[in-house]
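Student: I would like to go through the labels attached to this model and see what each one rests on. Can we start with the structure itself?

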Amino acid sequence: MSTSRNEPDQCNLRKYDFPLDDIPRLNCMDPQVDELIKSKKPVVLTGSNLVGAASKWDLDYLEKNMGNGDFTIFVSKGNQFKFFDEKKLAEIDSVSGAHTKNRPQKEYIRPAKSCPIKIQDFAKRVREWKDGDERLYLQQALSSTSGAGVVQDFIRFRWDWVTAKQKLHNWGKLTYNLLLVGLEGNVTPCHYDEQENLFAQIHGHKRCILFPPEQFGCLYPHPVWHPHDRQSQVDLDNPDYDRFPKMRDLHGVQAVVGPGDVLYIPIYWWHHIESVKPEKYTVSLNFWYKAGPVGQVEYPIKGYQKVAIMRNVEKMLAEAMQDPEEVGALLRTMVQGRF
Ligand SMILES: CC1(C)c2ccccc2-c2ccc(C[C@@H](CC(=O)O)C(=O)C(=O)O)cc21
Ligand SMILES: [Zn+2]
């Protein structure tokens, strides 16, 4: 990719041991687009103008037009923002029986801690940020209570186009538009979401590496009851092949998205997303849609349906034994030497 139009220089992107094919980049009017979305395959859509009204959302504009409420930012000493679901801790207690109470509480490392901040302070810290400082990642759901300027722009998004997509592909309701403002070098490590995602890039560039749900076995996700549920235990940037040997079978797809691009991240697809040079910070807005109604199940069942089944089995077993720690041993006993 040429670097004339302030584009990332593909050569300085991090190299990985596993093969990476390119995600197709198609104009949003290309009929192949709906074929790919229908078959739950990733595609970068160009020319949609979905968030054209937000093309001016740089730091200065957001500072002046996001209102003066508190925003949630995540702070991390390293470059990884592996989110940690505090609610899971309460759930573990609720699924565990009295016989587990005397067990010492597990210590969890929270790689990124969240704290409230005013948009002006956030903007100042981004401007003054230099390599070695702790990293920031602003994540904020947009709503009618966001600042007046931003709401005005939000209304002018191509809702006709995106709503037509939602209907055509039988997606469920739009749950969130998350506004993301991160520093160059920030990494959201490999995870999947249980929602369809139209990921709109507004400012700067992000390198997106995706793996299909079928590669669940190569990515070793944390248990469902773990605060890092839905996230891979492996660190793609520092692979531990002894603990995770099936990482050797990884085969992903990638795209570098820039302003105006919209990446379709299909439900249950793994994605690892890094903010890359040349810009100092990135602005993205995602459109998360609930899964559509489960239609006629076709056989053999698809990879993402197997993931949903495995999640249910993990939850059921933990509840049945009232002890998450027993699930592994029971599953090993059940399959080893038998299936
Ligand atoms: C890391 C962070 C800030 C976070 C912290 C704590 C809880 C949730 C989240 C969260 C959720 C979504 C994203 C955007 C994107 C990744 C990316 O663009 O970096 C992505 O994964 C998606 O759109 O599905 C980023 C985050
Ligand atoms: Zn995600």
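Tutor: Buried means under 20% relative accessible area, exposed means over 50%, and partly exposed is the range in between. Keep in mind that this is a predicted model.

Student: Why is Arg125 called partly exposed?

Tutor: Its relative accessible area is 32%.

Student: What makes Gln305 buried?

Tutor: Gln305 has 16% relative accessibility. Buried means under 20%, therefore Gln305 counts as buried. It is found in helix H8, and its C-alpha atom is separated by 9.7 Å from that of Glu214, 91 residues apart along the chain.

Student: How do you know whether Lys41 is buried or partly exposed?

Tutor: Lys41 has a relative accessible area of 42%. Exposed would need over 50% and buried under 20%, so Lys41 is partly exposed. Lys41 is found in the loop between helix H1 (32-38) and strand E3 (43-46).

Student: What does Lys41 touch, again leaving out residues up to four places away in sequence?

Tutor: Lys41 touches Leu36, Tyr264, Pro266 and Trp269. By contrast, the C-alpha atoms of Lys41 and Leu317, 276 residues apart along the chain, are separated by 32 Å.

Student: Why is Leu210 called buried?

Tutor: The relative accessible area of Leu210 is 0%. The cut-off for buried is under 20%, so Leu210 is buried. Leu210 lies in strand E10, residues 205-211.

Student: Which residues surround Leu210 by contact, apart from those up to four places away in sequence?

Tutor: Leu210 touches Ile23, Pro42, Gly252, Val253, Leu263, Ile265, Pro266, Trp269, Trp270 and His271. Phe244 is 34 residues from Leu210 in sequence, and the C-alpha to C-alpha distance between them is 18 Å.

Student: Why is helix H8 described as roughly perpendicular to helix H9?

Tutor: The axes of H8 (residues 303-321) and H9 (residues 327-335) come within 10 Å and cross at roughly 110 degrees. Angles of 65 to 115 degrees count as roughly perpendicular, so H8 is roughly perpendicular to H9. The crossing is right-handed.

Student: Which residues meet where H8 and H9 are in contact?

Tutor: Leu317, Ala318 and Met321 in H8 meet Val327, Leu330 and Leu331 in H9. By class, the contact has six nonpolar, no polar and no charged residues.

Student: Which residues of helix H5 are buried, and what covers them?

Tutor: In H5, residues 148-155, the buried residues are Gly149, Val150, Val151, Asp153 and Phe154. Their cover includes helix H2 (59-65), helix H6 (159-168) and strand E7 (174-183).

Student: What about the backbone of Gln322, and where is it placed?

Tutor: Gln322 has a positive phi of about 50 degrees although it is not a glycine. It is placed in the loop between H8 and H9. Its relative accessible area is 39%, so Gln322 is partly exposed. Arg230, in the loop between helix H7 (216-219) and strand E11 (252-257), also has a positive phi, near 75 degrees.

Student: Where are the cis peptide bonds that join Lys277 to Pro278 and Tyr299 to Pro300, and what is omega?

Tutor: For Lys277 and Pro278, omega is about 5 degrees, and Pro278 lies in the loop between strand E13 (270-276) and strand E14 (281-290). For Tyr299 and Pro300, omega is about 0 degrees, and Pro300 is found in the loop between E14 and H8.

Notes. Residues numbered from 1 in each chain as written. Chains lettered and ligands numbered in written order. Predicted model: local features only at pLDDT ≥ 70, side-chain atom pairs only at ≥ 80, totals over all residues. Heavy atoms only, no water. Axes fitted to C-alpha atoms, helices over the stretch in contact; angles between N-to-C directions. Helix = DSSP H or I, 4+ residues; strand = E, 2+ residues; numbered from the N terminus. Parallel < 35°, antiparallel > 145°, perpendicular 65-115°, else oblique. Left-handed = near helix turned anticlockwise from the far one by under 90°. Contact = heavy atoms within 4.5 Å. Nonpolar A, V, L, I, M, F, W, Y, C, P; charged D, E, K, R; others polar. Buried < 20%, exposed > 50% of the residue type's maximum accessible area, 1.4 Å probe, protein only.
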